[in-house]
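Hi,

Here is the structure I promised to pass on.

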Amino acid sequence: MTDALDAVARLFVNDGLSEDEIARQAALYGPLADDVRALIPLAVQTRAGDDDVRQAREHLAAAMELLGRTKEDHPFGTRFNDNGNFRVWGNAVMGLRNAIAPLHRINHDPDGRVWADFHLHVGFEGPAGHTHGGVSALVLDQLLGDAARVGGSPGMTGTLTLRYRKPTPLGDLHGEAKLDRTEGRKAFVTGHISGPHGICVEAEGIFIKPHWPVEDGRDRNQTR
Ligand SMILES: CCCCCCCCCCCC(=O)SCCNC(=O)CCNC(=O)[C@H](O)C(C)(C)COP(=O)(O)OP(=O)(O)OC[C@H]1O[C@@H](n2cnc3c(N)ncnc32)[C@H](O)[C@@H]1OP(=O)(O)O
(Lines give C-alpha, C1' and ligand atoms only; values in the text may rest on other atoms or scores of the structure.)
Protein backbone atom coordinates (compact mmCIF):
# COMPACT_ATOMS: atom_id res chain seq x y z
CA MET A 1 0.00 0.00 0.00
CA THR A 2 2.96 2.31 0.50
CA ASP A 3 3.60 2.52 -3.25
CA ALA A 4 -0.06 3.39 -3.87
CA LEU A 5 0.05 6.02 -1.13
CA ASP A 6 3.18 7.52 -2.62
CA ALA A 7 1.67 7.63 -6.11
CA VAL A 8 -1.54 9.26 -4.86
CA ALA A 9 0.39 11.89 -2.93
CA ARG A 10 2.73 12.61 -5.86
CA LEU A 11 -0.12 12.90 -8.35
CA PHE A 12 -2.40 15.01 -6.13
CA VAL A 13 -0.96 18.40 -6.93
CA ASN A 14 -1.85 22.03 -6.40
CA ASP A 15 -0.33 23.37 -9.61
CA GLY A 16 -1.38 26.94 -8.85
CA LEU A 17 -2.74 27.57 -12.35
CA SER A 18 -4.92 30.65 -12.89
CA GLU A 19 -8.47 30.18 -14.15
CA ASP A 20 -7.43 31.77 -17.44
CA GLU A 21 -4.59 29.30 -17.89
CA ILE A 22 -6.87 26.37 -17.05
CA ALA A 23 -9.38 27.63 -19.62
CA ARG A 24 -6.58 28.04 -22.18
CA GLN A 25 -5.37 24.48 -21.64
CA ALA A 26 -8.91 23.11 -21.75
CA ALA A 27 -9.52 24.90 -25.06
CA LEU A 28 -6.23 23.58 -26.46
CA TYR A 29 -6.17 19.96 -25.30
CA GLY A 30 -9.90 19.18 -25.10
CA PRO A 31 -10.42 19.40 -28.87
CA LEU A 32 -7.28 17.31 -29.40
CA ALA A 33 -8.84 14.51 -27.34
CA ASP A 34 -12.10 14.99 -29.26
CA ASP A 35 -10.24 14.50 -32.54
CA VAL A 36 -8.55 11.34 -31.28
CA ARG A 37 -11.92 10.12 -29.99
CA ALA A 38 -13.43 10.62 -33.44
CA LEU A 39 -10.64 8.49 -34.92
CA ILE A 40 -11.59 5.44 -32.88
CA PRO A 41 -14.89 4.61 -34.64
CA LEU A 42 -13.27 5.53 -37.95
CA ALA A 43 -10.62 2.87 -37.39
CA VAL A 44 -13.44 0.38 -36.89
CA GLN A 45 -15.68 1.53 -39.73
CA THR A 46 -13.59 3.00 -42.53
CA ARG A 47 -13.69 1.28 -45.89
CA ALA A 48 -10.68 3.22 -47.18
CA GLY A 49 -8.37 1.28 -49.45
CA ASP A 50 -4.63 0.57 -49.32
CA ASP A 51 -3.40 3.97 -50.52
CA ASP A 52 -5.74 6.04 -48.36
CA VAL A 53 -5.02 4.00 -45.25
CA ARG A 54 -1.27 4.23 -45.88
CA GLN A 55 -1.55 8.00 -46.35
CA ALA A 56 -3.73 8.43 -43.28
CA ARG A 57 -1.21 6.49 -41.23
CA GLU A 58 1.58 8.76 -42.43
CA HIS A 59 -0.43 11.79 -41.26
CA LEU A 60 -1.05 10.12 -37.93
CA ALA A 61 2.64 9.29 -37.57
CA ALA A 62 3.48 12.94 -38.24
CA ALA A 63 0.93 14.04 -35.63
CA MET A 64 2.34 11.61 -33.09
CA GLU A 65 5.84 12.87 -33.76
CA LEU A 66 4.70 16.47 -33.17
CA LEU A 67 2.77 15.69 -30.01
CA GLY A 68 5.53 13.52 -28.60
CA ARG A 69 8.24 16.17 -28.83
CA THR A 70 7.48 17.40 -25.34
CA LYS A 71 5.37 15.41 -22.94
CA GLU A 72 5.00 14.46 -19.33
CA ASP A 73 6.31 11.08 -18.19
CA HIS A 74 3.58 10.37 -15.62
CA PRO A 75 -0.23 10.07 -15.46
CA PHE A 76 -2.27 13.25 -15.13
CA GLY A 77 -3.46 12.51 -11.59
CA THR A 78 -5.58 15.06 -9.74
CA ARG A 79 -4.60 18.70 -10.14
CA PHE A 80 -6.17 21.71 -8.48
CA ASN A 81 -5.61 25.36 -7.68
CA ASP A 82 -6.28 27.57 -4.67
CA ASN A 83 -9.85 28.17 -5.91
CA GLY A 84 -10.61 24.46 -5.55
CA ASN A 85 -10.78 23.97 -9.29
CA PHE A 86 -10.06 20.23 -9.46
CA ARG A 87 -9.05 18.58 -12.72
CA VAL A 88 -8.97 14.86 -13.46
CA TRP A 89 -8.22 15.29 -17.13
CA GLY A 90 -6.70 11.83 -17.53
CA ASN A 91 -9.70 10.00 -16.03
CA ALA A 92 -10.79 7.04 -18.18
CA VAL A 93 -14.49 7.86 -17.92
CA MET A 94 -14.68 11.65 -18.00
CA GLY A 95 -11.16 13.03 -18.43
CA LEU A 96 -11.11 16.09 -20.68
CA ARG A 97 -7.81 15.00 -22.21
CA ASN A 98 -8.69 11.31 -22.46
CA ALA A 99 -9.94 10.20 -25.88
CA ILE A 100 -11.49 6.99 -24.57
CA ALA A 101 -13.56 8.84 -21.96
CA PRO A 102 -17.23 8.56 -23.01
CA LEU A 103 -18.72 11.05 -20.51
CA HIS A 104 -18.50 14.79 -21.11
CA ARG A 105 -20.09 15.80 -17.86
CA ILE A 106 -21.49 14.30 -14.67
CA ASN A 107 -24.36 16.30 -13.22
CA HIS A 108 -25.16 16.51 -9.51
CA ASP A 109 -28.68 17.22 -8.29
CA PRO A 110 -29.34 18.88 -4.91
CA ASP A 111 -30.78 15.59 -3.60
CA GLY A 112 -27.45 13.82 -4.17
CA ARG A 113 -28.38 12.05 -7.38
CA VAL A 114 -25.61 12.08 -9.98
CA TRP A 115 -26.39 11.46 -13.61
CA ALA A 116 -24.99 11.66 -17.11
CA ASP A 117 -26.30 11.40 -20.62
CA PHE A 118 -23.65 9.96 -22.88
CA HIS A 119 -23.01 8.37 -26.25
CA LEU A 120 -21.17 5.09 -26.79
CA HIS A 121 -19.73 4.78 -30.29
CA VAL A 122 -18.92 1.56 -32.11
CA GLY A 123 -15.54 1.35 -30.37
CA PHE A 124 -17.37 0.28 -27.21
CA GLU A 125 -18.92 -2.81 -28.77
CA GLY A 126 -19.13 -6.14 -26.99
CA PRO A 127 -21.99 -8.38 -28.18
CA ALA A 128 -22.78 -7.49 -31.81
CA GLY A 129 -24.23 -4.00 -31.93
CA HIS A 130 -24.28 -3.68 -28.16
CA THR A 131 -22.20 -2.23 -25.36
CA HIS A 132 -19.40 -4.30 -23.88
CA GLY A 133 -20.29 -5.34 -20.32
CA GLY A 134 -16.95 -4.08 -19.04
CA VAL A 135 -17.66 -0.65 -20.48
CA SER A 136 -20.96 -0.53 -18.58
CA ALA A 137 -19.00 -1.43 -15.45
CA LEU A 138 -16.49 1.33 -16.22
CA VAL A 139 -19.18 3.98 -16.49
CA LEU A 140 -21.10 2.75 -13.45
CA ASP A 141 -17.96 2.60 -11.31
CA GLN A 142 -17.37 6.27 -11.99
CA LEU A 143 -21.01 7.32 -11.47
CA LEU A 144 -21.39 5.36 -8.23
CA GLY A 145 -18.01 6.61 -6.98
CA ASP A 146 -19.07 10.15 -7.74
CA ALA A 147 -22.37 9.65 -5.89
CA ALA A 148 -20.41 8.47 -2.84
CA ARG A 149 -18.19 11.56 -3.03
CA VAL A 150 -21.09 13.97 -3.56
CA GLY A 151 -22.83 12.31 -0.62
CA GLY A 152 -19.86 13.16 1.57
CA SER A 153 -18.24 9.70 1.62
CA PRO A 154 -15.54 9.59 -1.06
CA GLY A 155 -13.83 6.26 -1.41
CA MET A 156 -12.17 3.63 -3.55
CA THR A 157 -14.33 0.95 -5.10
CA GLY A 158 -14.27 -2.05 -2.74
CA THR A 159 -17.01 -4.09 -4.39
CA LEU A 160 -19.03 -3.39 -7.51
CA THR A 161 -21.91 -5.74 -8.28
CA LEU A 162 -23.72 -5.55 -11.60
CA ARG A 163 -26.90 -7.09 -12.89
CA TYR A 164 -27.16 -7.04 -16.66
CA ARG A 165 -30.92 -7.08 -17.12
CA LYS A 166 -31.01 -6.73 -20.88
CA PRO A 167 -28.49 -6.01 -23.63
CA THR A 168 -27.29 -2.40 -23.59
CA PRO A 169 -27.43 -0.85 -27.04
CA LEU A 170 -24.68 1.36 -28.38
CA GLY A 171 -25.60 5.01 -28.93
CA ASP A 172 -27.31 7.44 -26.58
CA LEU A 173 -27.57 6.23 -22.99
CA HIS A 174 -28.35 7.57 -19.52
CA GLY A 175 -26.67 6.66 -16.26
CA GLU A 176 -27.36 7.65 -12.68
CA ALA A 177 -26.44 6.80 -9.12
CA LYS A 178 -27.20 7.74 -5.54
CA LEU A 179 -25.70 7.15 -2.13
CA ASP A 180 -28.02 4.91 -0.09
CA ARG A 181 -26.27 4.79 3.28
CA THR A 182 -22.93 4.74 5.04
CA GLU A 183 -21.43 2.46 7.70
CA GLY A 184 -18.21 3.79 9.11
CA ARG A 185 -15.80 4.22 6.18
CA LYS A 186 -18.12 2.32 3.82
CA ALA A 187 -20.56 3.99 1.44
CA PHE A 188 -23.31 1.90 -0.14
CA VAL A 189 -24.37 3.23 -3.53
CA THR A 190 -26.83 2.11 -6.20
CA GLY A 191 -27.27 3.11 -9.81
CA HIS A 192 -28.14 2.04 -13.30
CA ILE A 193 -27.69 2.58 -17.03
CA SER A 194 -30.75 2.92 -19.21
CA GLY A 195 -31.32 3.04 -22.94
CA PRO A 196 -34.30 3.81 -25.16
CA HIS A 197 -36.08 0.70 -23.86
CA GLY A 198 -35.48 1.12 -20.15
CA ILE A 199 -32.96 -0.04 -17.58
CA CYS A 200 -30.24 -2.30 -18.98
CA VAL A 201 -27.73 -2.59 -16.13
CA GLU A 202 -28.22 -2.18 -12.38
CA ALA A 203 -25.32 -1.66 -10.02
CA GLU A 204 -24.60 -1.78 -6.31
CA GLY A 205 -21.27 -0.59 -5.00
CA ILE A 206 -19.40 -0.40 -1.71
CA PHE A 207 -16.91 2.46 -1.66
CA ILE A 208 -14.38 2.56 1.14
CA LYS A 209 -12.63 5.67 2.34
CA PRO A 210 -8.97 4.68 2.42
CA HIS A 211 -6.44 5.75 5.02
CA TRP A 212 -4.95 8.29 2.65
CA PRO A 213 -3.55 11.67 3.54
CA VAL A 214 -5.55 13.49 0.87
CA GLU A 215 -9.16 14.38 0.37
CA ASP A 216 -10.87 14.64 -2.99
CA GLY A 217 -12.87 17.86 -2.82
CA ARG A 218 -13.76 18.41 -6.42
CA ASP A 219 -16.47 20.94 -7.17
CA ARG A 220 -19.90 19.44 -7.19
CA ASN A 221 -20.71 20.40 -10.75
CA GLN A 222 -17.25 20.21 -12.20
CA THR A 223 -17.10 19.34 -15.84
CA ARG A 224 -14.53 16.77 -16.81
C1 LIG B 1 -10.25 10.19 -0.23
C2 LIG B 1 -10.80 9.22 -1.19
C3 LIG B 1 -10.43 9.47 -2.63
C4 LIG B 1 -11.02 8.47 -3.50
C5 LIG B 1 -10.76 8.72 -4.93
C6 LIG B 1 -11.86 8.12 -5.70
C7 LIG B 1 -11.48 7.89 -7.11
C8 LIG B 1 -12.63 7.19 -7.78
C9 LIG B 1 -12.15 6.52 -9.01
C10 LIG B 1 -13.19 5.61 -9.56
C11 LIG B 1 -13.29 4.38 -8.75
C12 LIG B 1 -12.12 3.47 -8.93
O13 LIG B 1 -11.78 3.12 -10.02
S14 LIG B 1 -11.29 2.97 -7.60
C15 LIG B 1 -10.16 1.78 -8.22
C16 LIG B 1 -10.60 0.37 -7.98
N17 LIG B 1 -10.49 0.02 -6.54
C18 LIG B 1 -9.32 -0.21 -6.01
O19 LIG B 1 -8.26 -0.22 -6.62
C20 LIG B 1 -9.35 -0.48 -4.52
C21 LIG B 1 -8.25 -1.40 -4.07
N22 LIG B 1 -8.48 -1.79 -2.66
C23 LIG B 1 -8.04 -0.99 -1.69
O24 LIG B 1 -7.32 0.02 -1.90
C25 LIG B 1 -8.41 -1.38 -0.30
O26 LIG B 1 -8.73 -2.76 -0.29
C27 LIG B 1 -9.65 -0.59 0.22
C28 LIG B 1 -9.29 0.92 0.30
C29 LIG B 1 -10.87 -0.75 -0.69
C30 LIG B 1 -10.01 -1.10 1.59
O31 LIG B 1 -8.81 -1.22 2.35
P32 LIG B 1 -8.81 -0.87 3.88
O33 LIG B 1 -9.14 0.57 4.08
O34 LIG B 1 -7.50 -1.36 4.44
O35 LIG B 1 -10.03 -1.75 4.40
P36 LIG B 1 -10.18 -2.51 5.77
O37 LIG B 1 -9.65 -1.62 6.89
O38 LIG B 1 -9.63 -3.89 5.65
O39 LIG B 1 -11.75 -2.63 5.86
C40 LIG B 1 -12.60 -1.51 6.16
C41 LIG B 1 -14.04 -2.00 6.08
O42 LIG B 1 -14.36 -2.22 4.69
C43 LIG B 1 -14.65 -3.62 4.45
N44 LIG B 1 -14.00 -3.98 3.22
C45 LIG B 1 -12.68 -4.06 2.95
N46 LIG B 1 -12.47 -4.35 1.67
C47 LIG B 1 -13.68 -4.46 1.09
C48 LIG B 1 -14.11 -4.74 -0.22
N49 LIG B 1 -13.26 -4.94 -1.20
N50 LIG B 1 -15.45 -4.77 -0.45
C51 LIG B 1 -16.32 -4.55 0.53
N52 LIG B 1 -15.97 -4.27 1.80
C53 LIG B 1 -14.66 -4.24 2.09
C54 LIG B 1 -14.08 -4.35 5.67
O55 LIG B 1 -14.81 -5.52 5.92
C56 LIG B 1 -14.28 -3.33 6.76
O57 LIG B 1 -15.63 -3.33 7.16
P58 LIG B 1 -16.05 -3.14 8.70
O59 LIG B 1 -15.31 -4.20 9.45
O60 LIG B 1 -15.57 -1.75 9.05
O61 LIG B 1 -17.53 -3.30 8.70
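Helix H4 lies across S3, strand S4 (114–120), S5, strand S6 (171–183), S7 and S8, and H4 runs at about 135° to S7. Contact here means C-beta atoms, placed from the backbone, within 7 Å; axes are lines fitted to C-alpha atoms, for helices over the stretch in contact, with angles from 0 to 180 degrees between N-to-C directions. Helices (H or I, at least four residues) and strands (E, at least two) are DSSP runs, numbered from the N terminus.

A word on the source: this is a predicted model, where local features need pLDDT of at least 70, side-chain atom pairs count only at pLDDT 80 or more, and totals for chains, interfaces and linings use all residues. Residues are numbered from 1 along each chain as its sequence is written.

The strands form an open sheet in the order S3-S4-S6-S7-S8-S5, with antiparallel pairing (at least two DSSP bridges between two strands). Its edge strands are S3 (107–108) and S5, each pairing on one side only. S7 (residues 186–195) and S8 pair over 10 bridges, and Ala187 stands opposite Phe207 in S8.

Around the ligand there are 20 residues (C-beta, placed from the backbone, within 6 Å of it), the closest being Gly145, Met156, Gly158, Thr159 and Pro210. The elements giving two or more residues to this shell are H4 (133–150), S5 (156–164) and S8 (198–208). S5 gives the most, with four residues.

Finally, H4 is followed by Gly152, whose phi is positive, near 95°.

Best wishes

Terms used:
Two residues are in contact if their C-beta atoms, placed from the backbone, lie within 7 Å.
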